[in-house]
Amino acid sequence: MKNYLLSNYNRFGILFDRGEGATLFDRGGKRYIDFASGIGVNSIGYGNNEFSKAVSEQVSKLLHTSNLFRIAPQEELAEKISQLSKYQLFSFFANSGTEANESAIKLVRKYGSKTGRYKIVTLEHSFHGRTYGSLSATGQVSLHENFQPMLDGFSYAKDIEDIYNLIDDKTIGVMVELIQGEGGVEPLPKEEIQRLAQYLKSKDILLIVDEVQTGIYRTGEFLASNYYEIEPDVITLAKGLGGGVPIGVMATKLENGFEAGDHGSTFGGNFLASVAGLKVIEILEKEYKSGDLQKRIELFEKRLNQLVEKFPIYTSLHGIGLMRGLSIGKGFELSTIVEKGLEHGVILLKSGRNRLRFLPPLTISLNEIEEGFFKIEKLSKEILDKHGK
Ligand SMILES: *Cc1c(COP(=O)(O)O)cnc(C)c1O
């Protein structure tokens, strides 16, 4: 059958039909435990009644008015983000991670324009998005190939120490993911980040933390920045915030970072997206406060550690909270594990540095965790048997 889509994705052939909790069902009714949540998006899983009620009621009432008018749930969501982040943040709403980062780059450059500074330092292996500004910020330079020239003024540090080397008198920002999502689920060292944050402050250079994947309780805290006990000048959010409804946020300490006309988005923060974001946060805040989220994190971590102990396929555990990676031993194929996962009914993700990535819904039940790991153990035994032990 002819397919009228462009070929920019490498897709699996499965056609999913519906979901319940952290379990997906394909058209044939086969069950899959979801350890991927649509790449960290479905943070409250599937079929959440409270969420669908809030969203469908809003769909019936009003979806969009444009940002020419006040939007009450957008104001409420901005306040909630500031309150939960534990310091004062002012938000701009967009529709995706890359757009949130674009607005961060513009905001930071505007700030720098007063002193003639425009350069931004990011890290190698980083991922900040696919549009030109965010792509230019992305330190996986293989993604730049065939799309040159990139935006001027970006450089990529090998590690945190190297950031200091790349800063010069034209530098206005440093942009990092505290845990590199696409780059191998690699957390940055906490003390080094705290020291960097202090240094940047002393030089009036802005710290931008891309929390598109780490934000909204993914690490067990509302922001990874809370876990790292830093207060970045700018954070960006997207993936897990909308529960599947597209949303992006750039939130900053700089109350007057933009003036009217500096930036905008037609759809950004409309009624649908804002109500979805508010509901997701409300649901996850409860899970956090009740301690249920922590219980899931602990069980998940225990089972991951057992995989490393039991199978030479997995050599080390990385990441924080429910954002985890397993390094794959020599002679084993990451793609084989992911494909076998689908055969056995568990959805797994790849990440850079030859690591298997886990981003389950934050509301996953303890039983679903057990079932998912049972399937991984089974497929791991199969791989080892084939490997001749
Ligand atoms: C996914 C991701 C992005 C890009 O988000 P999109 O919504 O796909 O544009 C940016 N930064 C990080 C850290 C991401 O994980």
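In the predicted model, Asn 95 is in contact with Pro 246, Ile 247, Gly 248, Ser 265, Phe 267 and Gly 268, its neighbours within four places in sequence being left aside. Asn 95 itself is placed in the loop that runs between β4 (90-94) and α4. With Ser 265, the link is a polar contact between the two side chains, at 3.2 Å.

The residues around the ligand are Ser 96, Gly 97, Thr 98, Asn 101, Phe 127, His 128, Gly 129, Glu 177, Asp 210, Val 212, Gln 213 and Lys 239. By class, two residues of this shell are nonpolar, seven are polar and three are charged. Phe 127 and Val 212 belong to the nonpolar class, whereas Glu 177, Asp 210 and Lys 239 belong to the charged class.

Individual atom pairs between protein and ligand involve both backbone and side-chain atoms. A polar backbone atom of Gly 97 lies 2.8 Å from an oxygen atom of the ligand, and a polar backbone atom of Phe 127 lies 3.2 Å from a ligand nitrogen atom. For Gln 213, an N or O atom of the side chain is 2.7 Å from an oxygen atom of the ligand. On its own the ligand has 380 Å² of accessible area, of which the protein covers 82%.

The largest nonpolar core has 92 residues, and the members that touch the most others are Phe 35, Ile 163, Val 174, Tyr 314 and Leu 356. Helix α9 (residues 271-290) gives the most to this core, namely seven residues. Another core, of 15 residues, lies apart from it and includes Phe 92, Phe 154, Ile 172 and Ile 208. With residues up to four places away in sequence not counted, Val 174 touches Val 121, Ile 163, Ile 167, Leu 196, Leu 200, Ile 205, Leu 206, Leu 207 and Ile 208. Among these contacts, Ile 163 is a residue of the largest core, while Ile 208 is a residue of the other core.

A further site is His 144, found in the loop between α5 (132-137) and β6 (154-157). The relative accessibility of His 144 is 3%, so this residue counts as buried, the cut-off being under 20%. Residues up to four places away in sequence again not counted, His 144 touches Leu 135, Ser 136, Thr 138, Met 150 and Tyr 156.

Conventions
Residues are numbered from 1 along each chain as its sequence is written. This is a predicted model: local features need pLDDT of at least 70, side-chain atom pairs count only at pLDDT 80 or more; totals for chains, interfaces and linings use all residues. Side-chain values use heavy atoms; hydrogens and water are left out. A residue is near a molecule or strand if one of its heavy atoms lies within 4 Å of it. A polar contact is a pair of N or O atoms within 3.5 Å; within protein, one must be able to donate a hydrogen and the other to accept it, and residues adjacent in sequence count only if both atoms are side-chain atoms. Accessible areas come from the Shrake-Rupley method with a 1.4 Å probe; for residues, only the protein chains shown count as cover. Helices (H or I, at least four residues) and strands (E, at least two) are DSSP runs, numbered from the N terminus. Buried means under 20% relative accessible area, exposed over 50%, partly exposed in between (1.4 Å probe, protein chains only). Contact means heavy atoms within 4.5 Å. A nonpolar core is a set of buried Ala, Val, Leu, Ile, Met, Phe, Trp, Tyr and Cys residues joined through side-chain atoms within 4.5 Å.
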